[in-house]
Amino acid sequence: MKKLHLLKTLVDLFWFFAILASLALIIFVPLFLFDDEIYDLPMKINGEKLIVMDLTTKLILLGYVFAYGFFMYAIFLFRKVLNHFSKREIFNENVILLFDKIGKLLLASTIISFVVYVAYQNYVENKVNFGIEVGTDSFLLAASLGLFFMALSEVFAIGKNIKEENELTI
Amino acid sequence: MPIIVNLDVMLAKRKMRSNELAERIGMTTANLSILKTGKAKAVRFSTLEAICEILECQPGDIMEFVKEEI
């Protein structure tokens, strides 16, 4: 279980920094959403600095915030799963539900990010780009990860059934 | 499940208590209770053999198939 402890530590570290980033979001996003003035804050979307702050840009920003929120909730649930694992609760109803929820959240986050990304490109750069990126940051990989968690939930449900059958074999 | 376990009947016929049977087979009373109440999903041949040997009966005396009404 050494690897589990390492994973738990890494996820906890990631969670800590992500919480700090979330605090900054909670402070600055309402500022951008409810005030039309652009402050000298280095606000970027897809690596490009925001120059215009109108309703569309605000909606795009809101979309990103939602996608980030879903992603953060998925990480929170993943930490719960790791806690279950460290207590040796593996083929558990809770773990199955959590895996399914994580998968759905990651998928929702990816879809929202993709829609917002296309909308942003269409609005700011006036072009629609439907390319397939192959990298660690691609939408395809993120969507696959979401589906992987959902499949894992089904595999764990089968595992739980086998475990119960094994326990009830006299 | 359409398989009915009649272990209770057989125990009564042999005037033996569950605890004694469990002890002689080398099984926990909790496991024997799972078997008696029909909650078990499977029975090992070795367990069946031990029960039949101690109760001096056939597997069919302990279990019976009853068709489920739909």
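What is the handedness of the crossing of α2(A) and α3(A)? In this predicted model, the crossing is left-handed. Helix α2 of chain A covers residues 55-86, and helix α3 of chain A covers residues 93-124. Their axes come within 8 Å and cross at roughly 160 degrees. Angles over 145 degrees count as roughly antiparallel, so α2(A) is roughly antiparallel to α3(A). By class, 24 residues of this contact are nonpolar, 7 are polar and 2 are charged.

Helix α2(A) also packs with helix α1 of chain A, residues 2-34. Here the angle is about 155 degrees, and the axes lie 10 Å apart. That angle makes α1(A) roughly antiparallel to α2(A). The crossing of α1(A) with α2(A) is left-handed. The contact divides into 23 nonpolar, 3 polar and 4 charged residues.

In chain B, helix α2 spans residues 18-25. Its buried residues include Leu21(B), Ala22(B) and Ile25(B). Viewed down the axis of α2(B), the buried residues fall within an arc of 100 degrees, so they line one face of the helix. An α-helix has 3.6 residues a turn, so residues three or four places apart point the same way. Just after α2(B) comes Gly26(B), with a positive phi of about 85 degrees.

Definitions and conventions:
Residues are numbered from 1 along each chain as its sequence is written. Chains are lettered from A and ligands numbered from 1 in the order in which they are written. This is a predicted model: local features need pLDDT of at least 70, side-chain atom pairs count only at pLDDT 80 or more; totals for chains, interfaces and linings use all residues. Side-chain values use heavy atoms; hydrogens and water are left out. Axes are lines fitted to C-alpha atoms, for helices over the stretch in contact, and angles run from 0 to 180 degrees between N-to-C directions. Helices (H or I, at least four residues) and strands (E, at least two) are DSSP runs, numbered from the N terminus. Angles under 35 degrees count as roughly parallel, over 145 as roughly antiparallel, 65 to 115 as roughly perpendicular and the rest as oblique. A crossing is left-handed if the near helix is turned anticlockwise from the far one by less than a right angle, and right-handed if clockwise. Ala, Val, Leu, Ile, Met, Phe, Trp, Tyr, Cys and Pro count as nonpolar, Asp, Glu, Lys and Arg as charged, and the others, Gly among them, as polar. Buried means under 20% relative accessible area, exposed over 50%, partly exposed in between (1.4 Å probe, protein chains only). The arc is that of the directions from the helix axis to the C-beta atoms.
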